[in-house]
Amino acid sequence: MSQEATQDTTRDRPVEATDRSAAPAERLLDIEGLSKSFGTVRANRDINLHVGRGEIVALLGENGAGKSTLVKQIFGLIKPDHGTITIKGDASPIKDPKDAIRRGIGMVHQHFQLVPVMTVAENMILGHETTSRGVLDIEGARQLVRELSDKHGLKVDPDVEVEDLPVGTQQRVEILKALSRRVDLLILDEPTAVLTPQETDELLTVMKELAAGGTSIVFITHKLREVLAVADRVYVLRQGGVVGEVATADTDARGLATMMVGRDVVLRVDKEEATPGDDVLSIRDLVVLDDRQLRAVDGFSLDVRAGEIVGVAGVEGNGQRELVEAIAGMRPPQSGRIDLLGKDITKANPHDTHVAGVGHIPEDRERHGLVASYSLADNLVLNRFSEKPFANGFVRDFDEVRKNAEALFTEFDIRAAGVQAMAGSLSGGNKQKVVVAREMSFRPKLLMAAQPTRGVDVGSIEFIHRRIVAARDAGAAVLLVSAELDEVLSLADRIAVIHGGKVVAEMPGKDADRTEIGRLMAGDH
Amino acid sequence: MEWLKRNQITVGAGLVILVAAYVFYAVNSNVATSMFSGAWFFAVPLVLGALTGVVGERSGVVNIGIEGQMLVAAFAAFFSAAATGSLIVGVLVGMLAGIAMGAFLALTTVKGLMDQIIAGVVINIVATGLTSFFYRPGKVLSANMPQWEVPLLSKIPLIGDVFFQSGPIALFALVSVPVVHFALFRTRWGLRTRSIGEYPSAADTAGIDVIRMRLVNVTIGGIFAGAAGAYLSMEATGGFERGMTAGRGFLALAILIFGGWRPLRVFAAALFFGFTNALASQLQGVISIPQQFITLLPYLLTLIVLAVAAGRVRAPAAVGQPFVKGEGS
């Protein structure tokens, strides 16, 4: 703690002083040496970033790269460990969102902060209402909505309840709400994640118009097309740090994709040549809809054989999640067929797929991997608690559950207070090891690993990688879905590049060309 | 005008009922007056209890302790009035008792993050225990509660007799309904209250102190349950008995749901309950049904109403969920 404090004074103060004099007047936001850690995970490390007036700056990076952490600090939701954030020449710490709003920062959260059962006008004034003789001035609020929506060309009816609006319009309300508080800098946290393509295009137009009117915009995305369409400059983040800053005029999708997945030293994984056996998983013409009922997986076909690791590489949001959920039985496919060892599991539920021999390391371990309020011992038998030896008929055998947990603790190097500790109390890496241990311990025929090392410390990454290779060597078919190209390159025996919900190329993992894959991932094929 | 348009069904139904009531009055004025008076007599504590529920649940705090709040207030009101000989003191102490119970619920659930249902159960159990333990028979009030006549309004046929010639607490209930309704939908307080009950994190990012507002609302909201208790022991009966609320707090809860967490509808729902009760009493002489079934009627009706209404009305979205700053944004 004290060490941090000294570092803080020695490093940041001089920077701040020199910077103030050097910064051009039109610099609206200036971030110097910003760092933030959560436990042992360094979410942001030594970030330098600046935004000029009327400039659109994109923060590009995969989930977990630290983009959200960065903007939350700008908006005062979390406090930095080191570094300074200077807004219009004022480098005093941002106390809370209210302080940020006061200083001209507006933020549109990924989850809209609107009250669904209230009208647009009511949402607009919430928190700074005007009243006359105690009565709410709703007419004034309506007027405000109309004025703002005329001024910025964002059509919204002030009298409609927010829940009756399509998502894209709700977002407009959020943007108008921010604008009603006179923002200089608008932060948009993954604004297009919930939008349809048409809504996305509309939003991009709006962003351009706002910027032309002098509002600066920082927006988070992992979609290259959007960056190239609206941003003036882009910062590429990876593992908490800025790995590249480039004007969009000087780059293209391929260049950005390469930056995003990185040129870091490939994590070395020692493995023998694969000796593939028969087909274990066979997918044919699979179509799966996403939550917005769009075809996220669109005619996907792939085979995975016993004893090989097939890596699915692609920019996030190209149907990977829906693909994995369909195989796991969590999301019924629209059409197509999934076979496991010759058995049709297209319509199977998650329990059926487990029984059929699918081990699933889900992308979102907090939601789909663990029950935070259960003990580790119970979490380790979540999919088998009713099977022998963990139960005799209706009665659970806690001795066996405990023995199983103790054995897996040793085997998978899980570090926790004990087998009865609550799963929620563990660090990300250890949580993931619990999921990995459970899904591997029943010797699945198919091991499906989705983003298996996301948000996990380096030591655990290595460990998990070795276990995946070990599972392959034991004869399992492994389907690895990862947004980290490095991970796919170092693990996969065969690589399938996914774009727009289908496989656009397949190649052997050995000697696969990174640039080539980057190009394919960007949709250039 | 716009308001009329939006609430045309409610207003239409209200008019139909009003016309029917006056037709009834024209046919037999005595029976009509006594039936509607009986309905309102039964409905007063339900309306008041439900208003406590409205204020609390609109702020996001479930209150199943209304029954206990009412019982403690009935006890406190009666015995303080009997001890001091002052009716005003009794009524005020009753209201304060309701507020104190509200404060208990607020502190345990909003500050202490106790489960709201459990806190409500605790209130009910504690209320039964305390009031039974300290109950002493044989006390009487020095005087009956006065009957007030509201000038002019009390001269209206039927409505005047039913609503505007009554005790002070019943009048307080009558006034409270439109006041709370207006406050909830037309004032800054109301807008903020609804926002913290629907989506507290949105309120929080708008700079509203969710915790403080919930504490204040749940506490002050207890005044209505307090008044309901005072009504039962002082205005309706003039005596306290063990367990005298007899499930009225839970009826109020049912009415709260049936009324869709809106004071005006809650008022209508309570009258409906009261009217069924009065109707049953009237029918007693006409067709022979045992007395027990008559008293059962409101509770049976509760079951039916809730079964029908439960799927249609929507509770404030955040009701029952503790708010912890910084989570979920």
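This is a predicted model: local features need pLDDT of at least 70, side-chain atom pairs count only at pLDDT 80 or more; totals for chains, interfaces and linings use all residues.
Residues are numbered from 1 along each chain as its sequence is written, while chains are lettered from A and ligands numbered from 1 in the order in which they are written.

In chain A, the domain assignment, whose bounds come from an automatic or database source, gives domain 1 (114-181) and domain 2 (279-357 + 442-521). The centres of these two domains of chain A, taken over C-alpha atoms, are separated by 44 Å.

Helices (H or I, at least four residues) and strands (E, at least two) are DSSP runs numbered from the N terminus, and two strands are said to pair if DSSP finds at least two bridges between them. One open sheet of chain A has three strands in the order 2-1-4, with antiparallel pairing. Strand 2 (41-52) and strand 4 (82-87) of chain A stand at its edges, each with a single partner strand, so one side of each has no neighbour in the sheet. Neighbouring strands of this sheet are turned by 15 degrees against each other on average, direction ignored; axes are lines fitted to C-alpha atoms, for helices over the stretch in contact, and angles run from 0 to 180 degrees between N-to-C directions. Strand 1 (residues 27-38) of chain A is joined to strand 4 of chain A by five bridges, and A:Ser35 has A:His82 as its bridge partner in strand 4 of chain A. Helix 2 (residues 67-74) of chain A packs on this sheet, touching strand 1, strand 2 and strand 4 of chain A, and its direction makes about 60 degrees with that of strand 2 of chain A; contact requires C-beta atoms, placed from the backbone, to lie within 7 Å.

A further open sheet of chain A contains six strands in the order 17-20-21-14-22-23, with mixed pairing. Its edges are formed by strand 17 (358-361) and strand 23 (502-508) of chain A, each with a single partner strand, so one side of each is left without a neighbour in the sheet. The twist from one strand to the next averages 20 degrees. Strand 17 of chain A pairs in the parallel sense with strand 20 (residues 446-450) of chain A over four bridges, and A:Gly359 has A:Leu447 as its bridge partner in strand 20 of chain A. Helix 18 (residues 514-521) of chain A lies across strand 14, strand 22 and strand 23 of chain A, running at about 30 degrees to strand 22 of chain A.

Strand 12 (residues 279-289) and strand 13 (residues 295-305) of chain A pair in the antiparallel sense over eight bridges. These two strands of chain A form a hairpin with five residues between them, and A:Gln293 in the turn has a positive phi of about 65 degrees.

Between the chains, 18 residues of chain A are in contact with 16 residues of chain B. On the side of chain A that touches chain B, helix 3 (97-102) and strand 7 (135-136) of chain A each supply at least two residues. The residues of this side of chain A divide into ten nonpolar, five polar and three charged, where Ala, Val, Leu, Ile, Met, Phe, Trp, Tyr, Cys and Pro count as nonpolar, Asp, Glu, Lys and Arg as charged, and the others, Gly among them, as polar.

Definitions and conventions
Two residues are in contact if their C-beta atoms, placed from the backbone, lie within 7 Å.
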